[in-house]
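Hello,

Here is the model you asked about. My notes follow below it.

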Amino acid sequence: MNTTRPRRTCPDGLHVALRIFAWVVVFSAASGSVLAQPQSITAVATHDATLYEDSGGLAANGSGSYLFAGKTDGAVVRRGLIRFDLSAIPPGATITGVTLTMNISRGRGGTQTITLHRALASWGEGASDAAGEEGIGDVSQSGDVTWIHRFYPGTFWATPGGDFAPAVSATSSGNSGPISWSGSGLIADAQAWINDPASNFGWLIKGNESSDPTAKRFDSRTFATVSRRPTLTINYNGPAPLVGACCLPSGACVTTSSGACALQGGTFQGVGVACAPSPCPPAPTGACCLPDGSCSTLAQFQCEQQGGTYLGNGISCSPTPCPPVLMPFVDPLPIPPVAQPTSGVAGGAAHYDIEITRFQRKLHRDLPPTTLWGYEGMYPGPTILARSGQPITVTWMNNLRDAQGALLATHDLPVETCLHGPSIFGSAPVVVTHLHGGQVPADSDGYPESAFPPGQSSNLYTYPNEQRAATIWYHDHALGITRLNVLMGLAGAYVIQDAVDDALNLPRGIYDLPLIIQDRSLNRDGTFDYPAGWQEEYAGRFNLVNGVVWPYLDVHQGKYRFRVVNGSNSRTYTLSLSNGRPLSQISSDAGLLSFPFVQPSITLMPGERADLIVDFAGLNPGSVVVLRNTAPAPFPGEPTDPQDVMRFNVTSTPGDTDAVPASLTSLPPINASEALVERSFVLRKIPMQCAGGGPGAPFEMWTINDLLWDDITESPRLGTSEIWSFINRSNVSHPMHMHLVHFRVLDRQEFMVQGDEIVPTGPRLLPLSGEAGWKDTVNAPPALITRVFVRFDGSFTGLFPYHCHVLEHEDHEMMRQFRARARCPGDSNDDGTVNFADITTTLAHFGMSGPRGVVGDANLNGLVDFGDITTVLSQFGMSCN
Ligand code: C2O
Ligand code: CU
Ligand code: CU
């Protein structure tokens with residue numbers, strides 16, 4: 001379960017700095033080199049781990065972000081272990097106070113008692129690192145502690161579950177947030193460890209093991225947020241600690257013990273040597289981008305101390321390499337116009353000729369114009385209005401041209417030509433348009449390999465619109481460069497209307513707007529900042545809505561229907577309103593929910609959509625409401641600072657105050673037993689050449705079942721249903737999307753990996769209420785099996801992609817294709833074969849059934865039976881094998 005986390009410049013640098021800081025001995029009364037008594041140190045853990053009773057006592061989680069204590073939902077025991085380096089406390093010191101603080105980030109079974117016990121034997125911490133919520137551990141690695149091993153694989157505990165003192169050293173209780181232990185037992189333990197450092201094996205953390213569930217999950221010493229890691233504060237009287245100036249590789253001077261200095265790769269300057277003035281040699285300097293957007297030439301540690309981003313030694317500040325700092329909410333929200341057909345009517349049967357062109361436009365008031373690609377010269381593209389049952393046709397034309405008016409020869413963004421796609425067509429700016437959520441024939445689906453260069457057009461695409469009202473969208477899908485083409489601007493909304501939706505009296509007209517949300521990093525000259533190589537994940541610094549950075553919308557006193565499309569490459573959004581009003585979700589990707597789902601926030605992964613009713617009635621004119629995003633990137637992960645999306649400025653104009661109907665549509669119940677087959681799709685990276693990512697990047701490719709685009713192994717039969725299970729063996733969520741079909745989310749379940757077997761564990765978790773409707777994209781979270789029920793309806797046969805909608809992953813090999821096979825002729829009961837039940841049904845139509853001598857008894861055995869059917873059907877070329 002090893003996946004590479006994306007490189008992140010600023011936060012990681014900051015963590016390094018904080019980690020170093022946390023190592024440092026902190027004086028309660030810091031004053032130069034005069035060291036007064038009493039003393040206090042704050043230590044961080046050097047080792048921590050969890051003992052997992054199940055999995056044969058073999059699971060481990062040495063380097064994980066969490067440790068556990070108590071009993072799980074599955075009634076198995078977890079015990080934590082933690083150990084601190086006390087070498088900064090001089091021998092002979094008298095311990096006067098000890099407090100251990102840990103943060104509970106997840107709890108089961110409410111407040112529970114948690115006790116600390118002295119561990120009585122040494123134990124190790126290897127490189128195992130469990131995925132996801134970490135509750136089931138990982139495969140043990142050499143040196144790991146487990147339920148039965150002190151050091152995997154050869155050294156065992158005397159007693160499985162750990163050797164520890166039965167006496168309780170300290171007791172505390174809680175279910176969430178920070179909890180602390182202190183008191184005489186801990187003082188005695190620490191004193192013993194100071195007197196005999198070789199006896200310091202740390203504490204075993206024991207939860208309530210007499211009932212279940214009681215488990216608590218604690219943030220570990222490697223948890224990303226430093227302030228939530230375990231800390232140990234020790235007060236003591238005695239000789240001065242053996243500390244002095246330590247010169248770190250960054251050039252910073254810190255006061256530490258010589259041991260702590262060496263651990264950080266520093267050079268110890270001697271006991272008692274002060275840091276002011278600094279005895280350290282001057283550190284190299286380079287450009288540092290400060291939070292206010294200015295550039296300053298600093299040493300790396302100084303830059304990090306000021307919350308800046310260090311760009312590297314020797315990098316100059318003139319011209320400034322720092323990204324622009326843009327003022328939010330200064331540009332109005334653009335509303336994409338409705339696309340105008342060449343013939344027919346917008347919103348009905350029509351033909352469109354849509355040109356893809358290259359042009360310049362400002363994305364923010366204070367930025368120079370950006371070179372964009374767009375449909376009909378717009379970014380995002382015009383909204384295509386369609387009506388259920390009324391087909392439209394489109395000819396897509398690639399008319400990308402350079403500044404001289406010649407057909408564009410190379411892409412505007414750096415192309416990773418090692419990936420499948422550009423490996424064939426190079427850096428050519430090829431395009432192909434896909435209607436995401438549209439149920440369309442294969443030759444109109446925007447087949448990724450059919451991308452075509454400037455000067456060419458698509459064949460005539462047909463969108464039958466034989467589907468319910470929904471907010472779907474169109475975007476580019478060229479093989480291996482989808483992330484670049486969508487980033488340049490190739491996306492737009494497609495709204496299907498129908499009588500059911502019309503009859504609901506939902507907000508309409510100026511109160512019915514698409515919000516296409518996309519993140520982008522922009523340079524000061526207005527160009528997009530996208531790295532030259534493939535990258536794991538794109539996290540833009542700015543959020544754009546309908547093609548503008550952080551726009552505002554003046555709203556009336558009433559309800560709006562916002563058709564929200566997450567059109568970002570990789571970013572997941574958890575949207576909420578700054579005034580705390582709820583969001584009323586009325587649809588999921590492919591149609592209405594049965595009733596509005598009112599929730600404080602909604603999470604949309606790339607490719608997902610939701611129509612939201614937002615009510616501004618009764619707010620003070622002049623007040624503002626910010627649409628916020630609190631989702632971490634990558635997702636899931638640690639919450640970062642909220643990143644705003646846009647702002648609503650409340651006016652005094654009256655608006656739509658009609659009630660939202662309590663019920664919207666009827667959704668057919670899912671009958672999972674109708675599924676003909678259940679197919680499994682393992683999501684993970686495999687070693688592979690040419691995974692992109694530039695020099696030195698790991699050769700690891702995102703795949704589905706370790707297979708590639710050309711490996712076609714699924715041929716579902718139209719007219720049948722299947723269950724598709726996405727098994728996420730990585731530590732990020734993948735929004736899994738299927739072309740052609742709409743599906744329903746069945747459930748999610750934890751699993752364990754035994755050998756290479758996937759063993760489901762724990763209960764099947766029902767989908768969220770907002771996922772209860774028709775969908776075409778589903779969040780497959782880490783360490784879970786996500787199951788969807790897919791009905792292969794309609795009559796369109798051929799090849800259709802299914803893929804992760806993180807475009808960076810899709811452009812890797814996390815996109816494959818299924819072959820939709822024709823409905824089985826004669827399969828009247830849609831079970832994918834022609835069998836006796838079909839025959840009976842079919843024959844009954846013709847009055848063919850009955851006793852002896854019956855019509856239809858082709859083999860003259862006196863009955864109408866399977867043999868007859870086969871015989872009869874094969875006469876008409878009807879067989880289904
Ligand atoms: Cu929205 Cu195959 O994609
Ligand atoms: Cu699609
Ligand atoms: Cu993915």
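Tyrosine 474 has glycine 492 in β29 as its bridge partner. The model is predicted, so local features need pLDDT of at least 70 and side-chain atom pairs pLDDT 80 or more, while totals for chains, interfaces and linings use all residues. Residues are numbered from 1 along each chain, ligands from 1 in the order written, and side-chain values use heavy atoms, without hydrogens and water.

Strands β28 (residues 470-476) and β29 (residues 491-497) pair antiparallel over six bridges. Pairing takes at least two DSSP bridges; strands are DSSP E runs of at least two residues, numbered from the N terminus. The open sheet runs β24-β29-β28-β26, with mixed pairing. β24 (381-387) and β26 (433-436) are the edges; each has a single partner strand, so one side of each lacks a neighbour in the sheet.

Next, the core. The largest nonpolar core has 53 residues. Such a core joins buried Ala, Val, Leu, Ile, Met, Phe, Trp, Tyr and Cys through side-chain atoms within 4.5 Å. Ile384, Trp396, Tyr463 and Tyr494 have the most contacts inside it. Strand β22 (residues 350-361) gives the largest share, five residues. Tryptophan 396 touches Tyr474, among others, with residues up to four places away in sequence left out; contact means heavy atoms within 4.5 Å.

Last, the metal. His734 (ND1), Cys804 (SG) and His809 (ND1) coordinate the copper ion (ligand 3) at 2.0 to 2.2 Å. Donors are N, O and S atoms within 2.8 Å of the metal (3.2 Å for Na, K and Ca); water is not among the atoms, so the site may look incomplete. Cysteine 804 is buried, at 0% relative accessibility. Histidine 809 is buried too, at 3%. Buried means under 20% relative accessible area (1.4 Å probe, protein chains only).

Best wishes

Key:
Buried means under 20% relative accessible area, exposed over 50%, partly exposed in between (1.4 Å probe, protein chains only). Helices (H or I, at least four residues) and strands (E, at least two) are DSSP runs, numbered from the N terminus.
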